[in-house]
Amino acid sequence: MATQILINAATTTTTGNTVAPDETKRSYQATVVGEGSVSATVIFEGTNEGIGYVPLATITLSGTALASDGFVGESPWTGVRARLTAISGTNAAVTATVGA
């Protein structure tokens, strides 16, 4: 079982690289850390051809210094990525991962 990083400590909105997960049963997680009140929105997406992407889930994070959430899915997408569409808070940084 391996964990792959989709977004690594991003401080601005961004689209992560597409990765090919090892298994079809996967766990997805997004975490925002910072100082004081922090929040972020991460959209996980899947693709079969690397051009068009289908939304798998949207995670909205909000907390004090740390917030994390995730989900488990069984899907045969050949590639997955994460998009950080919103981030706020002092020194806020977001990491998104997929584990198989």
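## Close-up views of an all-strand protein

**Figure 1. Val19, a buried loop residue.** Val19 has a relative accessible area of 15%, so it counts as buried. This is a predicted model, and every value in these legends was computed from it. Where does Val19 sit? Its place is the loop between strand E2 (14-15) and strand E3 (25-47). Leaving aside residues up to four places away in sequence, Val19 touches Gln4, Ile5, Leu6, Thr78, Gly79, Val80 and Val98. A further landmark for this view is Ala82, which is 63 residues from Val19 along the chain. The C-alpha atoms of Val19 and Ala82 are separated by 9.8 Å.

**Figure 2. The salt bridge of Glu45 and Arg81.** Let us turn to a charged pair. The side chains of Glu45 and Arg81 form a salt bridge, with 2.6 Å from N to O. Glu45 belongs to strand E3 and Arg81 to strand E5 (residues 79-99), so this pair ties together parts that lie 36 residues apart in sequence. Are these two residues buried or exposed? Both Glu45 and Arg81 are buried. For Glu45 the relative accessible area is 5%, which is under the 20% limit and therefore buried.

Figure 3. Arg83 lies in strand E5 and Glu45 in strand E3, so the pair links parts that are 38 residues apart in sequence. Arg83 counts as partly exposed because its relative accessibility is 25%, whereas Glu45 and Arg81 are both buried. Together, Glu45, Arg81 and Arg83 are linked in a network of salt bridges. How many salt bridges does a search of the whole structure find? The search finds 2.

Figure 4. Ala9 is not a glycine, yet its phi is positive, at about 55 degrees. Ala9 lies in strand E1 (residues 3-10) and counts as partly exposed, with 42% relative accessibility. Asn91 likewise has a positive phi, near 55 degrees, in a residue other than glycine. Asn91 lies in strand E5, and its relative accessible area of 57% makes it exposed.

**Figure 5. Stepping back to the whole protein.** Here is the setting for the close-ups. The protein has 0 helices and 5 strands, and from the N terminus on its elements run β-β-β-β-β. Its C-alpha atoms fill a box of roughly 40 × 25 × 15 Å along the principal axes. The radius of gyration is 13 Å, which agrees with the value near 13 Å for a compact globule of 100 residues. Of the 100 residues, 39% count as buried. Among contacts with a separation of 6 or more, 76% come from residues 24 or more positions apart.

Note on methods: Residues are numbered from 1 along each chain as its sequence is written. This is a predicted model: local features need pLDDT of at least 70, side-chain atom pairs count only at pLDDT 80 or more; totals for chains, interfaces and linings use all residues. Side-chain values use heavy atoms; hydrogens and water are left out. Helices (H or I, at least four residues) and strands (E, at least two) are DSSP runs, numbered from the N terminus. Buried means under 20% relative accessible area, exposed over 50%, partly exposed in between (1.4 Å probe, protein chains only). Contact means heavy atoms within 4.5 Å. A salt bridge is a side-chain nitrogen of Lys or Arg within 4 Å of a carboxyl oxygen of Asp or Glu. The radius of gyration is taken over C-alpha atoms; the globule rule is 2.2 Å times the number of residues to the power 0.38.
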